[in-house]
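Me: I should like to learn how to read the helix packing and the ligand surroundings of a model. Could we work through one together?

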Amino acid sequence: MTANESHQPFLARHQFLIYRLFSLAGLVPVGAFLVVHLLTNASVLGGAKSFQDRVDLIHSLGPLLVPIEWAFIFLPMLFHAAVGFLIIASGLPNVGSYAYVGNVRYAMQRATGMIAFVFIIAHVLQLHWLGRPFGGGHFDPHHATSSAAENLRSLPVTLLYVVGLLSTVFHFANGLWTLGITWGLWTSPAAMRRANWISVAVGVLLAAAGLGAIGGLQGVNIKDAVKVEDQMLRRARLDDDTNHATTSTALAPVSAAQP
Ligand code: HEM
């Protein structure tokens, strides 16, 4: 490090590394999570059982779920958002990528990042248990479809979700393209055009999955969904009790197990 560099602020000195980590975090784990999350939600189109099965699978992680969420979703997302805001405030210049990007897309990438930020906070407060101290946290993992449907029924909330979802999906899909430039994956104009089509396809697919889930929840009969979910919950508890009893019998001393 030269004497001149050592006088620069931390962000300016480590700009290259921070920008690479920011870009990578947008793809994995945050972008990968977004894809899995939207596809999981779209399973509501297959009925209450189909969505509940997937939610149960996620919650079968038990006590590991919270540290996994923080390590692979919340912290990387906060890091990406914090650096994103710094870039927007021009604390960090964008490293040489945007000679190629149209002005509109460049501005939209930043605008949708900020909309995604507000939307994700509202969404977490409304449905995730982290929102409970603030009067939110309304998603019940044992009643996945009915609780989500109940909370997405009003027109303002539905509109908020449509705008938030489309902004987040645009941000990710367009971000895939700019990411390829950041990492030097597509350098010729022809390769950039091909990559552009891939980004559009990813965006359309994810928008369809997300809008499908929002639309699917509007059509749910909440009473029927609760019946299906209660039945699944009873069966799961019965299975748990049976497994518990089998384990206790197997572990019990032979004399105690005999009549
Ligand atoms: C689901 C959430 C998000 C995902 C999946 C995501 C993903 C991405 C990806 C893949 C990129 C491209 C990186 C590159 O060009 O190398 C990107 C860029 C960007 N993101 Fe995000 N992002 C998310 C949320 C946010 C939030 C909340 C902000 C806060 C403002 C933000 C701000 C930005 C900015 C400013 C850029 C453009 C950087 C530049 O111009 O060089 N992102 N994002």
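Reply: On the α9 side, T158, Y161, V162, L165, L166, V169, F170, A173, N174, L176, W177 and G180 take part, and they meet A195, N196, S199, V202, G203, L206, A207, G210, L211, I214 and Q218 in α10. By class, this contact of α9 with α10 has 15 nonpolar, 8 polar and no charged residues.

Me: How are α9 and α10 oriented to each other, and why?

Reply: The angle between the axes decides the matter, and angles over 145 degrees count as roughly antiparallel. Helix α10 spans residues 189-218, and its axis lies 9 Å from that of α9, at an angle of about 160 degrees. The two helices, α9 and α10, are therefore roughly antiparallel to each other. The crossing in which α9 passes α10 is right-handed.

Me: Which residues bring α3 and α9 together?

Reply: From α3 come S23, G26 and L27, and they meet G175, L179 and T182 in α9. This contact of α3 with α9 divides into 2 nonpolar, 4 polar and no charged residues. The axes of α3 and α9 come within 10 Å and cross at roughly 140 degrees. The helices α3 and α9 are therefore oblique to each other, and α3 passes α9 in a left-handed crossing.

Me: What does α3 meet in α6?

Reply: In α6, the partners are P76, F79, H80 and V83, which meet I18, F22, A25 and G26 of α3. The residues of this contact of α3 with α6 divide into 6 nonpolar, 2 polar and no charged. Here the axes are 9 Å apart and the packing angle is about 130 degrees; α3 and α6 are therefore oblique to each other. The crossing of α3 and α6 is left-handed.

Me: Where is P29 found, and what kind of peptide bond joins V28 and P29?

Reply: Most peptide bonds are trans. The bond between V28 and P29, however, is cis, with omega about 5 degrees. P29 is found in the loop between α3 and α4.

Me: Which helices supply the shell around the ligand?

Reply: At least two residues of that shell come from each of α3 (15-27), α4 (30-42), α6 (65-88), α7 (103-127) and α9 (155-182). The largest share, 8 residues, comes from α9. Of the 28 residues around the ligand, S23, G26, G84, G113 and G175 come nearest. Among these, S23 and G26 also belong to the α3 side of the contact with α9, where G175 is one of the α9 residues.

Me: How do the residues of this shell divide by class?

Reply: The shell around the ligand has 14 nonpolar, 13 polar and 1 charged residues.

Me: Finally, where should the model be read with caution, and what is the average pLDDT of the chain?

Reply: Where pLDDT is low, the predicted coordinates should not be read in detail. The protein chain averages a pLDDT of 91, and 88% of the residues score at least 70. Over residues 254-259, pLDDT stays under 50, and for this stretch the model has 2 contacts beyond four places in sequence.

Terms used. Residues numbered from 1 in each chain as written. Predicted model: local features only at pLDDT ≥ 70, side-chain atom pairs only at ≥ 80, totals over all residues. Near = placed C-beta within 6 Å. Helix = DSSP H or I, 4+ residues; strand = E, 2+ residues; numbered from the N terminus. Nonpolar A, V, L, I, M, F, W, Y, C, P; charged D, E, K, R; others polar. Axes fitted to C-alpha atoms, helices over the stretch in contact; angles between N-to-C directions. Parallel < 35°, antiparallel > 145°, perpendicular 65-115°, else oblique. Left-handed = near helix turned anticlockwise from the far one by under 90°. Contact = placed C-beta atoms within 7 Å. pLDDT = per-residue confidence, 0-100.
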